[in-house]
Amino acid sequence: MNTIQRLTGFISMIAIAVMAVSCGGETLPKPEAYLRLDYPMGKYVALDQPCPYTFGYNSMAQLKPGKDCSSLEIHYPKMKATIYLNYKPINGNLEELLRDAQTLTYKQVVKADDIREQPYINPEKKSYGMFYEVGGNAATNAQFYVTDSLNHFLAGSVYFYAKPNFDSIMPAASYLRDDMRNIMETVKWK
């Protein structure tokens, strides 16, 4: 072999070694992009209905009152969700109303990953209740009830108009959970 052939072979070996070393990292596909959903801060207005209770609700929502204040719907068209509120007067049936509210929540346990209970106590407003956060792909991911323990009982739950996939609805679910907590904490009995 002559010198030119040796030099060409040596240069070829160096080129192969440089190419092998320079391609050290794995090529990874780019992760999928997710839609960022930002919702404006809620501005709360007082319920203006002839009901035995009042509360603050998000002014961006659409209120659909029932016939006799026993049921109200608060619609969120952009989020494709509704908060359903049901009022019942207490007539010696507080234990039954509490059991019904808890049963409704724990029916979600089949699809839920977990259910967190957060007690609510406000002696100044004579309001006592429970806020439930339901994790996972349950039909409703937040529910509450609030009562004065003597005359009034109000329960609420949120439902989306879509198949429950918590990863997809999480931003809207968090927003509505805050609105529901606001409703519960601002209830005043008349």
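This is a predicted model: local features need pLDDT of at least 70, side-chain atom pairs count only at pLDDT 80 or more; totals for chains, interfaces and linings use all residues.
Reader: Happy to start with helix H2; how many residues does helix H2 have, and what should they span?

Author: Helix H2 runs over residues 94-106, which makes 13 residues.

Reader: Which residues of H2 are buried?

Author: First the general idea. An α-helix has 3.6 residues a turn, so residues three or four places apart point the same way. In this helix, the buried residues are Leu97, Ala101 and Thr105. Looking down the axis of H2, they fall within an arc of 75°, so they line one face of the helix.

Reader: Now the rings, please. How many aromatic pairs does a search of the whole structure find?

Author: Six aromatic pairs turn up. A pair of aromatic rings is described by the distance of the centres and the angle of the planes. Take Tyr53 and Tyr87: their centres are 5.1 Å apart with 35° between the planes, a tilted pair. Tyr53 is in strand E2 and Tyr87 in strand E6, 34 residues apart, so this pair links distant parts of the chain.

Reader: What about Tyr132 and Tyr145?

Author: Their ring centres are 6.4 Å apart and their planes at 45°, so this pair is tilted. Tyr132 counts as buried at 1% relative accessibility, and Tyr145 at 8%.

Reader: Which charged end sits over the ring of Phe131?

Author: That of Arg181, 4.3 Å from the ring centre.

Definitions and conventions. Residues are numbered from 1 along each chain as its sequence is written. Side-chain values use heavy atoms; hydrogens and water are left out. Helices (H or I, at least four residues) and strands (E, at least two) are DSSP runs, numbered from the N terminus. The expected span of a helix is 1.5 Å times one less than its number of residues. Buried means under 20% relative accessible area, exposed over 50%, partly exposed in between (1.4 Å probe, protein chains only). The arc is that of the directions from the helix axis to the C-beta atoms. Rings of Phe, Tyr and Trp (its six-membered ring) pair if their centres lie within 6.5 Å; planes under 30 degrees apart count as stacked, over 60 as edge-to-face and the rest as tilted. A charge sits over a ring if NZ of Lys or CZ of Arg is within 6 Å of the ring centre and within 35 degrees of the ring normal.
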